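Here is a short walk through a structure. Keep the sequence and the 3D view at hand.

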Amino acid sequence: MRIKHFLFTAALALFAVTANAQLDVVRFSIQDGISDANLKAGIEKSTSRLLSALNATVISGKSKIKLEKEDESLFTKDGRRCLDEMWASSAMMCPVSQVTEKGISMQNGTVQVRNVPITLLAADEDNCEQELVLCFNEKGQIDNIMIALEEHRYLDVINAQISVKDFHRRQAIIDFVENFRTAYNRKDIEYINNVFSDNALIITGKVVKIDKKRQDLTSQSLNNEQIQYQKSTKEEYINNLKRCFKNNSYINLIFDEIEVMRHPKRDDIFGVTLKQHWNSSNYSDVGYLFLMINFEDEMNPSIQVRTWQPDKYNGKPLPRDEVFSLDMFSI
Amino acid sequence: MCLHFTASLVFDRMMKRLRYILIIALLASSVPMHAQIELKTPERVVRMLESMPVSDIPQSGQFKCPDLSGTIVFYTEARDGVTVQLGARIFSDGIRNAYDPVIISFVERLWVELLLRKTTESQASLLKEYGVRIVLGGYPLGSGSFGRLSQALDVINSLSSLSITTGGSEIDMFMRDKTGTTLHIYIPSSRDLLFPYDKKEHEEWLINDLTQTKLQYKQTVPELTDVKTAANGLLVTGGECYMIDSLRNDVFLDKDRRVLWNPMSYPEESMRNILMSAADARHLTGIVLDITPHTYNRDIKKFRIPLNLFMGYVQQQGYRFFTGDVGRDGNRSQCLLTMYHPVYNYLHILSVSFTPDQLEATGERVIKADLSTFIPQHNIKNLFQEK
């Protein structure tokens, strides 16, 4: 269970018990957009009850949404079914106690309310904070509930100008990167040794704590970490890797968010940036991996640059413009 | 053949590993095969077998492991004499027959790995590593009312409905029991996760399968409901593309709306009609692919396979086909066939290089080809990044 969720749930439960405060209660109000006072009041009531019921159910840990009997009439049949289906996908709660939003009147007399913050307990860390879209009928009953999903993270846009040859080459890069990943999981040091150029540049970032005595009071509380970079030779890197393979019975590298860029002047040089999840018997971490790959010999591509950076420091994600990419290296 | 193992001693473990090894001598076929591949039990399955606290594990068959779980039956499956699966039998035979066996086997293999972990926390940690979410009544394992993995099994044991949704970045296995309790298992659509094989192992099985296949090419005549005129003036049907505009599922037609076959005037289009399975089977007769495999295992050498058998094999694998022109060098053309698996999210790419004469002639003629396999597509954020 994610720590964030756990702490939030625990905090809610603790407050509910110790302070006798009903922290599960959420008040929803409409700022503007609806002139009909009865409809506005109905939507405010339905939404407040819904969000409060979600929080109360999460606090109780129950697997089905707990609605007061009189609250059932706040939903249409479709709206109730929709809520149950969403809950089956993930328990959810509203992380704030007061929500104010606009009502959007639709042409058919129905109303939409968007941007209602919600935390999905079953989603992964990157996707747990979402926003609900609630649809109401003309009586103010909840008729539909949706999650306003962000743009699909995969590239769906059709690239009209890319040639089949270029596509093939870039897929060959993905193939090479997958083989490279497979070699780590197989602890195939010979394969890794073969794909690194003898004079490869290898840079590894490490988060270090800054000596607090040397900082002023303001910066002490904010930024007490920085990334230090260490350069190593291929021989040093391979020797370290051999030790690592020996000390871990199990290694499972996962590559995600792969981006491929071709050098603007050299058709056979590519830069690959990706998110690496390192899982092993003794250690796990997440960081950004950058590889500069020379495809001059297509059957035997070689890695000329490898960098690794932690994905976070000072409690924040590494800024995108600090992640190594092809344009940071001159050839 | 049934092999038995004794655990606990290091020597025995080594022996266990060795016993899974089987060298497949490739059978003689109509064309010379140069690839000799050593097929082994996937490393992942070997690790699981070594972790099982039980001594007698059949190479293929059922066994019990009371220390791990008093009621669940475990099983192994073998392929070509090699153990390739270790699972917990949590689904009925009816479900196993009705749904994608790769997904069912994955969940049953995952269940063993979860059972091998003692605490809910370490089970949740494994799920996080794999990107899998098991959600009972809206809660992921280890939160809300979902405190123990066995609660999920209770739902599976009294199922009233099950559906598996595929085609997106995640597979959603949705179950409901007779009391209305819901269970979702969300699995990333990733070949690497769903199959027990890593890329090297999977490639070896694929090449082995290709060199032994007897499946014959079957022509699929396209429906002519949406015929358009392409830039070169030819009629085409299809119209979908993969990632780029010039990689398409088009089938080319002649002016009479029959599948085009005119290698001398339209060599690329004629070849692409073969690769889209639209050409008449007689046009493939005698064409042999001389394939250079681009695989992890550099020891896999070139091999030859009749185009008829290659297409017959890939037609049966659930791929979506897209073809494109790479270009011409003199009268030599190069075309690409991409075979995309929409559930397991990977690509095979076959690149063929040929002359019009080779398509037009009769008798045996050899066409050079390059084959890249199991290229993952699930983890690509941007293949064409520009600054």
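Two residues are in contact if their C-beta atoms, placed from the backbone, lie within 7 Å. By that rule, and leaving aside neighbours within four places in sequence, Ile173(A) is in contact with Val260(A), Phe270(A), Val272(A) and Ile293(A).

This is a predicted model: local features need pLDDT of at least 70, side-chain atom pairs count only at pLDDT 80 or more, and totals for chains, interfaces and linings use all residues. Residues are numbered from 1 along each chain as its sequence is written, while chains are lettered from A and ligands numbered from 1 in the order in which they are written.

Chain A has seven helices and 15 strands. These are DSSP runs numbered from the N terminus: H or I of at least four residues for helices, E of at least two for strands. Of its 331 residues, 32% count as buried. Buried means that 20 or more other C-beta atoms lie within 10 Å of the residue's own, placed from the backbone.

Now find the largest nonpolar core. Such a core is a set of buried Ala, Val, Leu, Ile, Met, Phe, Trp, Tyr and Cys residues joined through C-beta atoms within 7 Å. The largest one holds 158 residues, and Ile173(A) and Val272(A) touch the most other members. Helix α4 (residues 164-185) of chain A gives this core its largest share, ten residues.

Turn to chain B. Eleven of the 14 residues of helix α8(B) are buried, among them Leu206(B), Ile207(B) and Leu210(B). What covers the buried residues includes α4 of chain A, together with β16 (287-294) and α10 (307-315) of chain B, among others.

Terms used:
A residue is buried if 20 or more other C-beta atoms lie within 10 Å of its own, exposed if 12 or fewer, and partly exposed in between; C-beta atoms are placed from the backbone.
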